[in-house]
Amino acid sequence: MGVKKSDSVTMVGMVTLCVMFLISSGLVWGMGSRVPAVGTTAEDFRLVDLEGKAQSLGQYRGKVVLLNFWATWCKPCTTEMPAMQAMYDKLRDKGFVVLAVNELEDEAKVRDHIKQHGHTFPVLMDRDNKVANQFGVFGLPVSVFIDEKGVVQEYIKGGLLTEQVILDAVARIQKPEPMKAASLK
């Protein structure tokens, strides 16, 4: 008993459909969440920093947060880090923080890299890639600017951050909202 051509075409179609469903539903490779939409509240998370302290996104409410996903092997990631450090130094007293989320790397390797380059912003270890998946990260680097209320204001995938890009983003986010006239009745 042989398989008819129409049966094999149907089978290929079914397999293709199943694979497309799995990919689009995020069930393949752990790519769970979609990219957070600008204007939506960033989902909180807890990760451990290089000092072993638990940190959460929520503890930085009231500050503008640059959430940067990176790895030591990623050349664009390490190229943009000096600009992140410069802006962290310049703006941290004005309500700005950088949270560098390292994906899946050995802590000793990350610690050596950060020490070698003199970075002082918090580095968080995403050991199981859960937070990267939560923020729809697929490919590095990814930077998410979050305002003082915890709302996503910008999502930059693969773009190289410069001091000017960071400065402009923070200025847009911190710009005071225009006062609305009180309605008189």
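Asn129 is buried, with a relative accessible area of 12% (buried means under 20% relative accessible area, exposed over 50%, and partly exposed in between, with a 1.4 Å probe and protein chains only). Asn129 sits in the loop between E5 and H4, and its phi is near 65°, a positive value in a residue other than glycine. Helices (H or I, at least four residues) and strands (E, at least two) are DSSP runs, numbered from the N terminus.

A word on the model: this structure is predicted, so local features need pLDDT of at least 70 and side-chain atom pairs count only at pLDDT 80 or more, while totals for chains, interfaces and linings use all residues. Residues are numbered from 1 along each chain as its sequence is written, and side-chain values use heavy atoms, with hydrogens and water left out.

## Confidence and overall layout

The mean pLDDT of the chain is 86, and 77% of its residues reach 70 or more; pLDDT is the predictor's confidence in each residue, from 0 to 100. Over residues 11-32 the pLDDT is below 50, and beyond near neighbours in sequence this stretch has twelve contacts in the model (contact means heavy atoms within 4.5 Å).

The chain holds five helices and seven strands. Read from the N terminus, the order of its elements is α-β-β-β-α-β-α-β-α-β-β-α. Of the 185 residues in the chain, 42% are buried. Among contacts between residues at least 6 apart in sequence, 69% join residues at least 24 apart.

## Backbone points to look at

Most residues other than glycine have a negative phi, and most peptide bonds are trans. Leu104 is placed in the loop between E4 and H3, and counts as exposed at 53% relative accessibility. The peptide bond from Leu140 to Pro141 is cis, with omega near -10°, and Pro141 belongs to the loop between helix H4 (130-134) and E6.

## How the strands pair

Two strands pair if DSSP finds at least two bridges between them.

| Strands | Sense | Bridges |
|---|---|---|
| E1 (residues 46-49) and E5 | antiparallel | two bridges |
| E4 (residues 96-103) and E5 | parallel | four bridges |
| E3 (residues 64-70) and E6 | antiparallel | five bridges |
| E6 and E7 (residues 152-157) | antiparallel | five bridges |

In E5, Val48 has Met125 opposite, and Ala100 has Val123 as its bridge partner. From E4 the chain crosses through helix H3 (residues 107-117) to E5, and this β-α-β crossover is right-handed; that is, with the strands pointing away from the viewer, the path from the first strand over the helix to the second runs clockwise.

In a regular strand the side chains alternate between the two faces of the sheet. On E5 (residues 123-126), Val123 and Met125 point one way and Leu124 and Asp126 the other way, and all are buried. Strand E6 (residues 142-146) is covered on both faces too: Val142, Val144 and Ile146 on one side and Ser143 and Phe145 on the other are all buried. Asn68 stands opposite Ser143 in E6, while Phe145 has Glu154 of E7 opposite. The hairpin of E6 and E7 has five residues between the strands, and in this hairpin Gly150 takes a positive phi near 90°.

Leaving aside neighbours within four places in sequence, Phe145 is in contact with residues including Val65, Leu161 and Ile173.

A search of the whole structure finds one disulfide (a pair of cysteine sulfur atoms within 2.5 Å). Cys74 and Cys77 form this disulfide, with their sulfur atoms 2.3 Å apart. The torsion about their S-S bond is about 75°, so the disulfide is right-handed. Cys74 is buried at a relative accessible area of 4%, and Cys77 is buried at 0% relative accessibility.

Finally, Gly39 lies in the loop between helix H1 (5-24) and E1 and counts as exposed at 53% relative accessibility. The C-alpha atoms of Gly39 and Val151 are separated by 5.8 Å, although the two are 112 residues apart along the chain. Not counting residues up to four places away in sequence, Gly39 touches Val151 and Val152.
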